[in-house]
Amino acid sequence: MTDRSYLGEFELMLLLAVIHLGDDAYGVPISRELEAHRGRSVAVGSVYAALERLEAKGLVASSLGDPTPERGGKAKRYFCITKEGLRQVHETRRVLTSLWETIPDFRLQES
Amino acid sequence: MRRREPPPLANWMLEHLPSGDCDEALGGDLLEEFQAGRSDSWYRRQVLAACLVSWTGSLRARISLLGFALVWCLPVPAWMVLCERIEHAGAVGRFWQMTEARFWPGAVAMGLTLHSTFLWAGILLFCLGHRFAGSPLRWEKIRRALLLAPLIFTPVFLVVFVLLALYWDAVFPNALLAASPLRQMADLHLLANALRVPYFVAFLGALWAAAPRPLRASQPLDAESVLTEFEPEFDTLAVLSNLAPFALRRFLVFLAAAGLVNAMIGGYLLCRLPEPHSATLASLFLRAVVHVGVGVLAGALGSWLYWKHPSSPLRDGSPGSFAPFALICAAGWVWVPPMVVFADQLSAGAALIAMIGAFVLVSGLRSATGFVFSPAQPLPSGVGYESDGLFQESLQRPRADAFGYLIAVSLYAAGAALVAHSIFPAIALLAFSAALFAWKATVPSGRSFESLEETRRAALRLGLQVIPAILVTIWALAGGAGHRDLAAHADEANAVDENSSSQKNSPKPGTGLARNGLGGYESLILWPFPEKKQLLPPILQQNSLLAPGTREPVVLRFNGEYWFVQAPQKRPGPEAHQASGTPISVDIRANNAVPLVMDAHQNLSAPVPLARCREIEVEIENRDNKAGSISLALLLTDAAAPHKQTLYLGQQPIVSTDSTHFSIKQSPVFETLRFPVPPTGSIRKFSEITVLVLPDVEHMFAAPKIAIQQFKLFPR
């Protein structure tokens, strides 16, 4: 993976939610996590679409769980972050932090 | 605790509308959230969003295909003009027109090939571009796209053609394509775009599944991730058979349908074979066995070919072998040959047989393939009976089911179609309602059709269906064979007697009745009753009627023939039934869905110079008590001319039948229609007057009770 690819805003949020949820990261808790932090609802379909893109890029991996009755016999799809995904999250954080640090006045106003 | 059910329409949309990339985990997540207390509207919004995301993702993944299709379809108007020139100019044009005149399917095939060439060239260019771009398409997919292109193009082209014809005046008044090819390519007006639509749809449809899904260009990936993305491409079969139950279900339905279509083709081809002149019971039995056997074999062959096709998900690993599957489907396919025979006779029996066959086929499939269509699922908590109460009431609310209404509507529509003599819609509707009923009413067994017990059960089921199917086929062959034979004989006789004037003597009364069985008469000739006292001969004995110096009109009492035929016949065949009477004294109606054609013919003993006749009055007697729009058209024929040339004098409406003036007739109404005669025309004299009755839909299948009384020829 090259260093030139950076994560988008929604993708970064998703990766952080997956990291935070750990072993319990599947569609429902990820969506709830995003809703709780963003303060607005999120379409589960778009969460899956973004996660599939991330999986295609090798940033997350997924596995199917057991089907449960309350889900109509449909299995959960658990996501976990890969080493490359973790590296990209750190890289994006580093870039964003360094960018923020170049704006001292704005940071003062914020604080 | 009461279990809530999500909105059924949204559920259906979630299951069927998103593209194939949407997995079941999304459905499970939505259901889990819904059970946790989300509202119906939330569920609907999520389903809509999932569909939109899926569609946009699918389109975005094929953005190169969309762009290429748009660009490739720009020259379509110029290509259409070129095709038009090829079809009508030069040696190719002459060959084309000759083929069209002698064997029209050949001309249709040539036209389809010509139009498909454009699509094939585009597909090959697209594949070439992908090869140069480093992502070559698989040959199987290219071959499939080449095959699919004309199959998609033909129906779309027909639909566009019909729509253009229907709305030409409203939408395209004075619409023309540009003059030069370059301008035609750049033409973005409605007509040019309408011509591009079939090519665009066919191109996209053919390559939709073949186009690889590229990764986003904004995020370049390394070789490992590219391999991860394209890995399923190289192991599609295993993925389909193991991970895609929907694809497996769809493929099983496709297999059964392919067999059904093959059985229909086999039955249709058998119906086209010549039939023996004398049908005995043994020969009918033999033919019925052949019909049923060919139907089953053709169906099994069609299914087997797709089962073993390289793209089949069942080829490498299937939940069962082909033999029991074929036996299960064959129980339905045996009903196809008798249905085709009945349909060939436009008999309502075809709809009934189609209903039986659809029910047997679908119930067999549903019962035997329950492990595919209804896999066992764990019972949700809170559903059904609580564990601690043996006699507790079910807490599950019965689901609203729209299938009952759908079946009822289909049955009503089929009944209406039968009443309107529309056999083929009735066949489709009854088969659909029976299939739907069988699907909902049959309980899946849950056993694999690999088991010996299931194979034995399928064989027994087939054996029980074969015997009644053969009996019904015998009935169909015995009942309707005569109609087609008579029609064929009539066509042959018409071809032979095209220029002969001996038609009047050729029919042999009564001979058709003995052979046609239940089929009725293939055509009919009515002779008016002779007048009891005829003081004046109907036709004056002179060399020419309306000779120079004649001042008074010549009155000719009608004493010719009434002809009743059905298209494509133009005149009664040699075995037409002949009887005395007029359309007023007898009831004549079609016993199939082919409209009746009625006309009256009056031969004159001496020719009348066209220049001497100013006008012809036709006096009719109208006793028809069905409102509608009926017109009479008049044709003058010169029987002595080499090709029996005719002159059309136009048509006049019968006012006493028209709905605006209509009233129930207690007594006959006499009406006179006037036809002006031009002094010159394609003939110089005429010796025969033909009155064509042009009925509306209400009178198409029952001859109107209108008789010709007399003609009055006015001198000029």
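## A crossing in chain A

In this predicted model, helix 1 and helix 4 of chain A cross in a left-handed manner. The residues that make this contact are A:Leu12, A:Leu15 and A:Leu16 on the side of helix 1 of chain A, with A:Gly85, A:Val89 and A:Thr92 on the side of helix 4 of chain A. Sorted by class, the contact holds four nonpolar and two polar residues, and no charged ones.

## Two helices packing in chain B

Now let us turn to chain B. Helix 6 (residues 90-102) and helix 7 (residues 104-132) of chain B pack at about 135°, and their axes are 5 Å apart. That angle makes helix 6 of chain B oblique to helix 7 of chain B.

Which residues of helix 6 of chain B meet helix 7 of chain B? They are B:Trp96, B:Thr99 and B:Glu100, and their partners in helix 7 of chain B are B:Trp104, B:Gly106, B:Ala107 and B:Met110. By class, this contact between helix 6 and helix 7 of chain B counts four nonpolar, two polar and one charged residues.

## A valine in helix 8

Helix 8 of chain B spans residues 139-171 and includes B:Val156. Is B:Val156 buried, exposed or partly exposed? With 16 other C-beta atoms within 10 Å, B:Val156 is partly exposed.

Leaving aside residues up to four places away in sequence, B:Val156 touches B:Val197, B:Pro198, B:Val201 and B:Ala202. B:Ala202 is 46 residues from B:Val156 along the chain, and the C-alpha atoms of the two are separated by 7.8 Å.

## An open sheet in chain B

Chain B also has an open sheet of four strands, paired antiparallel in the order 2-11-6-9. Its edge strands are strand 2 (554-557) and strand 9 (669-676) of chain B, each pairing on one side only. From one strand to the next, the twist averages 20°.

In general, strands of a sheet pair through backbone hydrogen bonds. Here, strand 2 of chain B and strand 11 (residues 706-715) of chain B run antiparallel and are joined by four bridges. Opposite B:Lys712 in strand 11 of chain B stands B:Val555.

How values were computed: Residues numbered from 1 in each chain as written. Chains lettered and ligands numbered in written order. Predicted model: local features only at pLDDT ≥ 70, side-chain atom pairs only at ≥ 80, totals over all residues. Left-handed = near helix turned anticlockwise from the far one by under 90°. Contact = placed C-beta atoms within 7 Å. Nonpolar A, V, L, I, M, F, W, Y, C, P; charged D, E, K, R; others polar. Pairing = 2+ DSSP bridges. Axes fitted to C-alpha atoms, helices over the stretch in contact; angles between N-to-C directions. Parallel < 35°, antiparallel > 145°, perpendicular 65-115°, else oblique. Buried ≥ 20, exposed ≤ 12 C-beta atoms within 10 Å, placed from the backbone.
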